[in-house]
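Try each task before reading its solution.

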Amino acid sequence: MAKVRVAAAAEVPEGTLKAVIAGRTEICVAHAEDGNFYAINDVCTHENFLLSGGELFDLQVECPQHGSRFNLKTGAVTGLPAVIPTRVYPVEVEDGQVYVEVGSSPPPDLPLGGGGH
């Protein structure tokens, strides 16, 4: 796993989402209402849309296209129509900087490129 700086903590105010790239992986960084930062794959597993364009509800992110929801801690689907969980990544905040740990390449079943921009 590689630890990659993706943003300054100040760039992701509490209650917001931010699209970042870590290596070759599109990631949605969330600063949840619990004060913690979370990172999940930014591409919805239902269709090719970016979760970072959606909304944050407690510890869930909702896809802007069809309303699929994913748990920020586990990647589990919490709202249909998605049925495939998404990938989550470890996050660290050090000296006001947000770091995400990612592998050398994205998982094959979650395509890069986003969509719906």
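**Exercise 1: a residue at the surface**

I84 is partly exposed, with a relative accessible area of 43%. On this scale, buried is under 20%, exposed is over 50%, and partly exposed is in between (1.4 Å probe, protein chains only). This is a predicted model, where local features need pLDDT of at least 70, side-chain atom pairs count only at pLDDT 80 or more, and totals for chains, interfaces and linings use all residues. Residues are numbered from 1 along each chain as its sequence is written, and side-chain values use heavy atoms, leaving out hydrogens and water.

Task: find where I84 is located.

Solution: look in the loop between β8 (77-79) and β9 (88-89). Strands here are DSSP runs of E, at least two residues, numbered from the N terminus.

**Exercise 2: the neighbours of β11**

Task: work out which strands pair with β11, and in what sense.

Solution: pairing takes at least two DSSP bridges between two strands.
- Step one: β1 (residues 2-8) is antiparallel to β11, over six bridges. Here K3 has E101 as its bridge partner.
- Step two: β10 (residues 91-94) also runs antiparallel to β11, joined by four bridges. E94 sits opposite Q97.
- Step three: the hairpin of β10 and β11 has two residues between the strands, and D95 takes a positive phi near 50 degrees.

**Exercise 3: two faces**

Task: sort the residues of β11 (97-102) into a covered and an uncovered face.

Solution: in a regular strand, side chains alternate between the two faces of the sheet. V98, V100 and V102 make up the covered face, while Q97, Y99 and E101 make up the uncovered one.
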